[in-house]
Amino acid sequence: MTADATDDPTVEGTISLLVVDDHPVVRDGLRGMFESAPGFRVLGEASNGVEAVERAAALDPDVILMDLRMPGGGGVEAIAHLTRAGARAKVLVLTTYDTDSDTIPAIEAGATGYLLKDAPRDELFTAVRAAAQGRTVLSPAVASRLVSAVRTPRAPGNEPLSAREREVLTLVAKGTSNREIARELFISEATVKTHLTHLYTKLGVKDRAAAVATAYDRGILG
């Protein structure tokens, strides 16, 4: 970190925010909370990951408060897209889900921090300021899960699937093509192939048929 104030959005200025959540009440609540506090400015809102990417490009916020599971485009895919695009904004996940299948993919995709929606108001403010400075912020529950995941590596073929991987696998089981899956989930075909590669590895299989059979055998499907 240099001494140049322009490198730190918390110095001599406000932290600009983009709020991403599929529930209007949640977006309204977060907007009201931050606009009532000094040092923050909400530039806009988005109701899903696809819209979040578009709004982030247009508004260039300092921090994006990102939910994960949203119809029309999930948060993990949006975070990955923003990371690949080299977006300046720091992404702070704010969700109700703290399972390994949610936390780890979000962090791997490039999220700067991960908080749960029951975080106290002051903790959320502190987390946004830290995220704006590029510092990692994790709720205690999430930090504990990540430490456990690192200390206890899972054997190949025995890793839990993420929520998105389960969605892709369910559609594969119905005989849906990659192109149709992409259209159904509002993601690219390349992203579908990436999810398939990951779930093949996690299930210890090499093709679609084996993935479906293994998933039924383990109770993941049906």
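Q: What share of the contacts in the chain with a separation of 6 or more comes from residues 24 or more positions apart?
A: Such residues account for 63% of these contacts, where contact means heavy atoms within 4.5 Å. The model is a predicted one, in which local features need pLDDT of at least 70 and side-chain atom pairs count only at pLDDT 80 or more, while totals for chains, interfaces and linings use all residues. Residues are numbered from 1 along each chain as its sequence is written, and side-chain values use heavy atoms, with hydrogens and water left out.

Q: What is the mean pLDDT of the chain, and where does pLDDT stay under 50?
A: On the scale of pLDDT, the predictor's confidence in each residue from 0 to 100, the chain has a mean of 86, and 88% of its residues reach 70 or more. Residues 1-12 stay under 50, and for them the model has 13 contacts beyond four places in sequence.

Q: Why is Asp67 called buried?
A: A residue is buried under 20% relative accessible area, exposed over 50% and partly exposed in between, with a 1.4 Å probe and protein chains only; Asp67 has 4% relative accessibility and therefore counts as buried. Asp67 sits in the loop between strand E3 (63-66) and helix H3 (75-84), where helices (H or I, at least four residues) and strands (E, at least two) are DSSP runs numbered from the N terminus. Leaving aside residues up to four places away in sequence, Asp67 touches Val20, Asp21, Asp22, Gly75, Leu94, Thr95 and Lys117.

Q: Which UniProt annotation covers Asp67?
A: An unreviewed UniProt entry gives "modified residue: 4-aspartylphosphate" for Asp67; positions follow the numbering used here, feature names are shortened, and annotations may be inferred rather than shown by experiment.

Q: How do you know that E3 and E4 pair?
A: Two strands pair if DSSP finds at least two bridges between them, and four bridges join E3 to E4, which run parallel. Ile64 has Val91 of E4 as its bridge partner, and Leu65 has Leu92 of E4. On the other pairing, E4 and strand E5 (residues 113-116) are joined in the parallel sense over four bridges, with Leu92 standing opposite Gly113 in E5.

Q: What makes E2 and E6 the edge strands?
A: The six strands form an open sheet with parallel pairing, in the order E2-E1-E3-E4-E5-E6. Within this order, strand E2 (40-46) and strand E6 (137-138) each pair on one side only, and they are the edge strands.

Q: Why is strand E4 described as largely enclosed by the rest of the structure?
A: Strand E4 (residues 90-95) has six residues, of which five are buried, so E4 is largely enclosed by the rest of the structure. The chain reaches E4 from E3 through H3, in a β-α-β crossover that is right-handed, a term used if, with the strands pointing away from the viewer, the path from the first strand over the helix to the second runs clockwise.

Q: Why does Thr103 count as buried?
A: Thr103 has 0% relative accessibility, so it counts as buried. Thr103 lies in helix H4 (residues 100-109) and, residues up to four places away in sequence aside, touches Asp98, Tyr114, Val142 and Leu146.
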